[in-house]
Amino acid sequence: MMNNDTVNNHAVNNNTVNNHAVNNHAVQSNHHPVIEITNCKDEIVPLTITPGNFLITPAEDNDYQNDTEIPDRELIIVEQERRLLYTISENPPFHMCILFGIQHLLTSISSSMSISLLVAEVVCAKDDDVIKTKILSTTMLISGISTFLMSTFGVRLPIYQGPCIPYIIPLLAMASFKGMECTNYAKDSNLDVINGTAGNATLTEDIIYDKIGALSGSLIAAGILHFLIGLTGLVGTITRYLGPITIAPAMTLVAMSFYTIAVSFSEKHWGVAAVTTITGIILALYLNGRNSPLPAYNKKRGFHIKWYPVHTVFSILISIAVGWILSAILTVTGAMSDDEEHGHHYARTDSRNEIIYNSPWFYLPYPGQFGGVSFSVAAFISFFVGTLMSVVDSIGDYNATSRVCCVPPPPPHAVNRGIFVEGVMSLFAGTTGACHATVSFGGNIGAIGVTKVASRRTFQVLALLYVIFALVLKVSAFFITIPYPVLGGTLILSFGIFIGLILSNLQFVDLNSTRNLAIVGLAILLGLMLPYWSAQNQNGIQTGNAYVDNVILMLISNGGFIGGFVAFVLDNTVPGTLKERGLLVAKEHELDATIFEEGFEVYELPWIPNCIKNSRIYKYVPIFSKRKEG
């Protein structure tokens, strides 16, 4: 019997409860479920829900209205389709959180690997496995701490913070700067000292540490400016002029830059990459809205079949497993070449197992692990431009995340708080020698759209997993052995959806306006043209000053910066109404609550006492809400 029980619509979706009473059952739901009672003859008797207290009463057959039990009948609760399986504030079971966290980790770990390897190349440590291991561990630690702080104290959206494109482009540009080249790599037989030349200098470990120190000091300086932009509320002011017409082309160009990374991973074996992507598409798109049968057990019902969309929520994890198994089959059957110079080397499942054996069990990254810091003007300018791009990137990602999580766009104080946390972590990353900051990662936003799991708790678990992997290198080394084409197939799926989310920002602008179409088109075209020209003409800028040449070359090499700058200037100078530009933001009381799963409460910090919230000083701090609590 289930008299006076609370029926949670999330738990009982599509379940049938036999011979239960329906007297005064409370229904907790964001949606009004459609409830029917059927008797053994399959005659349907619809039920209604009273809006005030959600009491279930039969709309017909009033003889049963006050009965404590309805004999020979079934209570079937058919819920209207939820847009999310778990909303931001909902917490899945702990074991599910672990699996969701691993899924997001596998989506993003390729970025940590590629960035750490890129940093090693920039500082001329390409052949030093010890330094590469330290940089990778530092990258994962910074990512874990940043993700936890962002989802818990920052903007409080489910966002993974990791090394991303806004800092890849400056690093790539710096690698070609005059005086930063690394030439004539040669490694001695003891693998302890790297010898080579950069100008007239001999590359030893000390010189590598000097390069890391110059990048670290410059990143610290840029990080200070980064968190001041958030703490002072400047970013909130910027958002008044930074609309969809600026964000859409800038973020599209940034996201499109990932095609080079996706190609570099996928080209090792296009067949495995295609199978991985197609598996994810089938599970996430073609089978979306369907449930899979799962064996379950409890004391009341014993063994039974439970219907759950497991193929959707774990679509990325399953596609990675399928791609990994396919790579293993091709490896065992000899279908892949075992030549280390062949592209199949990184597609095999046995080619990098030595990483597991050679990695130390534990390592704790710490500030100053690579020695002291110095300062480089060129590196500072590069990082500062990366900081500006990361701010635009973050604003776009916050809005994309709010859309995929079915919550209102973040208010200014939440955006300020998010940028503030990013800046603090940029500063901390500089002290540890990571040589890059952390930015919101678009691939995981796309993964939320695929899996329909937007729980904040999932990303807190993801952060914990990254910290564990940073400290226990044997564990992280296992995941590093994932075949490259499997990672490439995952990037194709997640970033494809992310680019779609970015372009959805244009729905708020008037696409019938010639003004808007011209601005977006020019921004994207110039954002593609100038980087292409700079790549073909590395010595095309000749001002007579090496620093100025490097800075200009780095700026025009950044398609996202060029596209965003052009769109921002044109959007704020060419005449147009706020409505036409998509800058009319609905106020909180004007938002249509029916299109959101949750409201502005998801952005509030729940641990601040009301006495502080109601104080006079509190309202002048831009990173806190201006709402007063009674």
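Strand 12 (residues 292–298) and strand 13 (residues 302–308) run antiparallel and are joined by seven bridges. The model described here is predicted.

**Strands 12 and 13**

- The two strands, strand 12 and strand 13, form a hairpin, and three residues lie between them.
- Tyr-297 has Phe-303 in strand 13 as its bridge partner.

**Helix 15 with helix 16**

- Helix 15 (residues 456–471) packs with helix 16 (residues 473–480) at an angle of about 105°, and their axes are 5 Å apart.
- Because angles of 65 to 115 degrees count as roughly perpendicular, helix 15 and helix 16 are described as roughly perpendicular to each other.
- From helix 15, the contact involves Phe-469, Ala-470 and Leu-471, which meet Leu-473, Val-475, Ser-476 and Phe-479 of helix 16.
- By class, the residues of this contact between helix 15 and helix 16 comprise six nonpolar and one polar, with no charged residue.

**Helix 6 with helix 12**

- Helix 6 (residues 244–256) and helix 12 (residues 377–404) also pack at an angle of about 105°, with 10 Å between their axes.
- Helix 6 contributes Ile-247, Ala-250, Met-251 and Val-254 to the contact.
- On the side of helix 12, the residues met are Met-389, Val-392, Asp-393, Ile-395, Gly-396 and Asp-397.
- The contact of helix 6 with helix 12 divides into seven nonpolar, one polar and two charged residues.

- The model contains three cavities of 30 Å³ or more.
- The largest cavity holds about 50 Å³ of space.
- Thirteen residues, given as 13 in the count, line the largest cavity, and the closest to its centre are Ser-216, Phe-370, Gly-371, Thr-431 and Gly-433.
- Helix 4 (205–231) and helix 13 (412–432) each provide at least two residues of the lining of the largest cavity.
- The lining of the largest cavity consists of ten polar and three nonpolar residues, and no charged residue takes part in it.

How values were computed:
Residues are numbered from 1 along each chain as its sequence is written. This is a predicted model: local features need pLDDT of at least 70, side-chain atom pairs count only at pLDDT 80 or more; totals for chains, interfaces and linings use all residues. Side-chain values use heavy atoms; hydrogens and water are left out. On a 1 Å grid over the protein atoms alone, a cavity is a set of points where a 1.4 Å probe fits but cannot get out, and a pocket is an open set with protein on both sides within 12 Å along at least five of seven lines; lining residues have an atom within 4 Å of a point. Grid points are joined across faces, edges and corners, and a volume is the space filled by probe spheres set on the points. Helices (H or I, at least four residues) and strands (E, at least two) are DSSP runs, numbered from the N terminus. Ala, Val, Leu, Ile, Met, Phe, Trp, Tyr, Cys and Pro count as nonpolar, Asp, Glu, Lys and Arg as charged, and the others, Gly among them, as polar. Axes are lines fitted to C-alpha atoms, for helices over the stretch in contact, and angles run from 0 to 180 degrees between N-to-C directions. Angles under 35 degrees count as roughly parallel, over 145 as roughly antiparallel, 65 to 115 as roughly perpendicular and the rest as oblique. Contact means heavy atoms within 4.5 Å. Two strands pair if DSSP finds at least two bridges between them.
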